[in-house]
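Hello,

Here is the structure I said I would pass on. Please open it first, then read my notes below.

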Amino acid sequence: MATRIRPSSKRCAVIGGSGFLGRHLVERLVGRGYTVSVFDIRQAYELPGVTFHQGDLCDKQALLSALKDVPIVFHCASPAPGSDDRALFQRVNIDGTRTVIQACLEAGVQKLILTSSASVVFEGTDIKNGKEDLPYAKKPIDYYTATKIQQEKLVLEACSKEKGFLTVAIRPHGIFGPRDPQLVPILVDSARRGKMKFIIGDGSNLVDFTYVENVVHGHILAAEHLKAESPLCAQAYHITNDEPVRFWDFMSQVLVGLGYSAPRLHLPYALVYGLSLLLWLIALVLRPLVHIKPTFTPMRVALAGTHHFYSCARAKQDLGYRPPVSLQEAIARTVESYPHLRQGA
Ligand SMILES: NC(=O)C1=CN([C@@H]2O[C@H](COP(=O)(O)OP(=O)(O)OC[C@H]3O[C@@H](n4cnc5c(N)ncnc54)[C@H](O)[C@@H]3O)[C@@H](O)[C@H]2O)C=CC1
Ligand SMILES: CC(C)CCC[C@@H](C)[C@H]1CC[C@H]2C3=C(CC[C@]12C)[C@@]1(C)CCC(=O)C[C@@H]1CC3
């Protein structure tokens with residue numbers, strides 16, 4: 001039977017609410033009767049019941065005006081993971097998150113829900129049914145992930161029942177769905193450039209992908225269950241579709257659904273990983289002269305060639321989480337939502 005949740009308050013703010021996940025979250029919150037303040041460096045849409053505050057989350061004064069009289073804050077802003085701007089990740093994900101926490105405390109916010117990432121424990125080697133108590137990656141796969149680790153630590157350490165400020169982190173993995181600017185567009189772009197012919201490794205590696213509405217559901221459950229006496233305080237929760245799938249089956253289903261061929265030829269993982277490292281080094285050396293953006297970065301190759309799936313048992317137990325949309329239904333809805341990316345469009 002579905003869990004019924006009674007919202008304790010109907011006002012909230014979504015930092016990063018113009019983004020892919022943020023906008024889906026805002027739409028669902030509005031549908032549940034919340035009044036939402038969106039804080040983002042850009043305004044991407046308009047919606048009744050939503051007030052936009054355009055600003056940089058590193059600017060505390062700008063944040064304070066958006067957080068006035070708001071008891072619940074969702075923080076799902078980040079620079080795009082594919083960026084190679086280390087200083088930007090440091091400034092937004094680490095320094096900016098400190099500013100968000102400070103602003104929340106000054107504004108009297110009661111709950112902060114952070115969108116973290118399951119990749120905070122991923123080092124480029126297999127993770128099978130990983131639980132939240134795995135240690136943070138000592139060698140994170142890229143600078144994005146390194147700063148997501150620091151960000152999560154800052155938010156969870158800020159949890160204080162004495163101050164009446166409760167925090168929780170949601171760790172989704174491989175979010176996809178309508179309007180996603182990353183997974184499907186990068187995949188299709190690679191296919192159109194003839195780069196999706198090969199399977200990296202033997203193709204048996206299992207991975208979690210998470211439909212965006214399921215991620216939203218996890219966030220709202222966390223916000224509504226987070227109370228001083230609940231086990232959620234200062235905890236992290238994996239939120240996935242809870243249906244690990246072969247990475248290359250998932251990619252093939254999306255590609256075939258959009259009219260492209262599925263990759264068939266196998267290449268050894270170590271060879272492709274080595275080549276991606278070499279290419280990355282060449283791109284680094286040539287950067288003062290020319291900006292090269294390789295498709296097969298070491299991070300993408302590691303994600304495409306290893307097992308990395310996570311247990312949702314803690315979220316099921318503490319939040320009553322069950323993914324509302326199955327993987328098959330999610331893939332069908334996603335494919336349907338990208339008519340402009342179909343072969344020949
Ligand atoms: N897409 C994925 O597969 C996964 C994403 N995540 C996390 O989910 C969150 C949302 O990701 P997406 O929606 O995919 O990204 P997105 O790029 O679509 O949205 C991020 C939003 O943050 C805003 N933003 C960036 N810097 C800002 C700043 N300085 N001040 C104010 N706003 C700023 C952007 O304008 C954008 O609207 C991020 O925290 C990301 O790390 C976690 C796991 C997987
Ligand atoms: C070119 C192909 C080998 C791969 C194309 C698909 C990839 C673009 C995506 C497959 C797994 C995705 C993923 C993320 C981004 C997009 C992929 C690499 C994240 C890095 C996004 C941010 C996170 O927090 C973790 C995600 C893991 C999975």
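Ala234 sits in the loop that runs between helix 6 (212-225) and strand 12 (235-239). Bear in mind throughout that this is a predicted model. Ala234 is not a glycine, yet its phi is positive, at about 60°. Most residues other than glycine have a negative phi. Is Ala234 buried, partly exposed or exposed? Ala234 is partly exposed, because its relative accessible area is 33%, and partly exposed covers the range between under 20% (buried) and over 50% (exposed).

Asp69 also has a positive phi without being a glycine; the value is near 60°. Look for Asp69 in the loop between helix 2 (60-67) and strand 4 (72-75). Its relative accessible area is 56%, so Asp69 counts as exposed, the cut-off being over 50%.

**The site of ligand 2**

Now go to ligand 2. How many residues surround ligand 2? There are 15, and the closest are Pro81, Ser117, Ser119, Tyr144 and Phe296. Ser117 places a polar side-chain atom 2.7 Å from an oxygen atom of ligand 2. Tyr144 likewise has a polar side-chain atom 2.7 Å from an oxygen atom of ligand 2. Taken alone, ligand 2 exposes 600 Å², and the protein buries 93% of that.

Which elements give two or more residues to the shell around ligand 2? They are helix 5 (183-192), helix 7 (247-257) and helix 9 (298-305). Helix 5 gives the most, with 3 residues.

**The annotated span**

The UniProt record, an unreviewed entry, lists residues 13-267 as "domain: 3-beta hydroxysteroid dehydrogenase/isomerase". In the model, residues 13-267 are 36% helix and 21% strand.

**A nonpolar patch**

Last, the surface. Leu271, Leu275, Leu278, Leu279, Ile282, Leu289, Val290 and Ile292 form a nonpolar patch there. Together they have about 730 Å² of accessible area. Take Leu279 as one of its members. Leu279 is in helix 8 (residues 269-286). With a relative accessible area of 42%, Leu279 is partly exposed.

Best wishes

Methods:
Residues are numbered from 1 along each chain as its sequence is written. Chains are lettered from A and ligands numbered from 1 in the order in which they are written. This is a predicted model: local features need pLDDT of at least 70, side-chain atom pairs count only at pLDDT 80 or more; totals for chains, interfaces and linings use all residues. Side-chain values use heavy atoms; hydrogens and water are left out. Patches are made of residues with over 30% relative accessible area and no salt bridge: like charges are joined within 9 Å, nonpolar side chains (Val, Leu, Ile, Met, Phe, Trp, Tyr) within 5 Å. Accessible areas come from the Shrake-Rupley method with a 1.4 Å probe; for residues, only the protein chains shown count as cover. A salt bridge is a side-chain nitrogen of Lys or Arg within 4 Å of a carboxyl oxygen of Asp or Glu. Helices (H or I, at least four residues) and strands (E, at least two) are DSSP runs, numbered from the N terminus. Buried means under 20% relative accessible area, exposed over 50%, partly exposed in between (1.4 Å probe, protein chains only). UniProt positions are given in the numbering used here, feature names are shortened, and annotations may be inferred rather than shown by experiment. A residue is near a molecule or strand if one of its heavy atoms lies within 4 Å of it. A polar contact is a pair of N or O atoms within 3.5 Å; within protein, one must be able to donate a hydrogen and the other to accept it, and residues adjacent in sequence count only if both atoms are side-chain atoms.
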